[in-house]
Amino acid sequence: MVKIRLQRVGGKKAPFYHIVVADSRYPRDGRCIEEIGTFMPVEAEERQVSIDLARANYWIGVGAQPTDIVSKLMKIAAKQSK
């Protein structure tokens with residue numbers, strides 16, 4: 001099954017995530033099919049979310065399942081883009 005999920009790439013106590021499309025059998029920080037966005041949860045003013053919503057909607061259309069967190073982040077990114 002293909003999932004849209006977070007891949008941690010930040011350092012110790014400084015998390016930074018890539019939003020990726022990956023097979024659910026791959027490790028969390030392992031190989032991915034495509035990177036479609038980024039998420040920085042620790043920011044001085046506000047969390048920074050950037051997602052290519054067109055690509056995310058394409059992958060959902062062909063059967064990819066977003067995780068709960070990624071679904072929430074997509075809603076936030078859609079509000080920010082308006």
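In strand β2, V21 is the bridge partner of I4. That pairing belongs to a predicted model, in which strand β1, covering residues 2–8, is joined by 7 bridges to strand β2, covering residues 17–23, with the two strands running antiparallel. Both strands are part of an open sheet of 5 strands with mixed pairing.

**Sheet**
- The order of the strands across the open sheet is β4-β3-β2-β1-β5.
- The edges are formed by β4, at residues 48–51, and by β5, at residues 65–66, each of which pairs on one side only.
- In general, the strands of a sheet pair through backbone hydrogen bonds, and they may do so in either a parallel or an antiparallel manner.

**Helices on the sheet**
- Helix α1, made up of residues 53–61, lies across β1, β2, β3 (34–40), β4 and β5, and runs at about 125 degrees to β3.
- Helix α2, made up of residues 68–81, likewise lies across β1, β2, β3, β4 and β5, and runs at about 90 degrees to β4.

- Residue H18 lies in strand β2, and H18 counts as buried because its relative accessible area is 18%, which is under the 20% cut-off.
- The side chain of H18 is joined to the side chain of E35 by a polar contact of 3.2 Å.
- When neighbours within four places in sequence are left aside, the residues in contact with H18 are R5, L6, Q7, V9, E35, G37 and T38.

Definitions and conventions
Residues numbered from 1 in each chain as written. Predicted model: local features only at pLDDT ≥ 70, side-chain atom pairs only at ≥ 80, totals over all residues. Heavy atoms only, no water. Pairing = 2+ DSSP bridges. Helix = DSSP H or I, 4+ residues; strand = E, 2+ residues; numbered from the N terminus. Contact = heavy atoms within 4.5 Å. Axes fitted to C-alpha atoms, helices over the stretch in contact; angles between N-to-C directions. Buried < 20%, exposed > 50% of the residue type's maximum accessible area, 1.4 Å probe, protein only. Polar contact = N/O pair within 3.5 Å; in protein donor to acceptor, adjacent residues only side chain to side chain.
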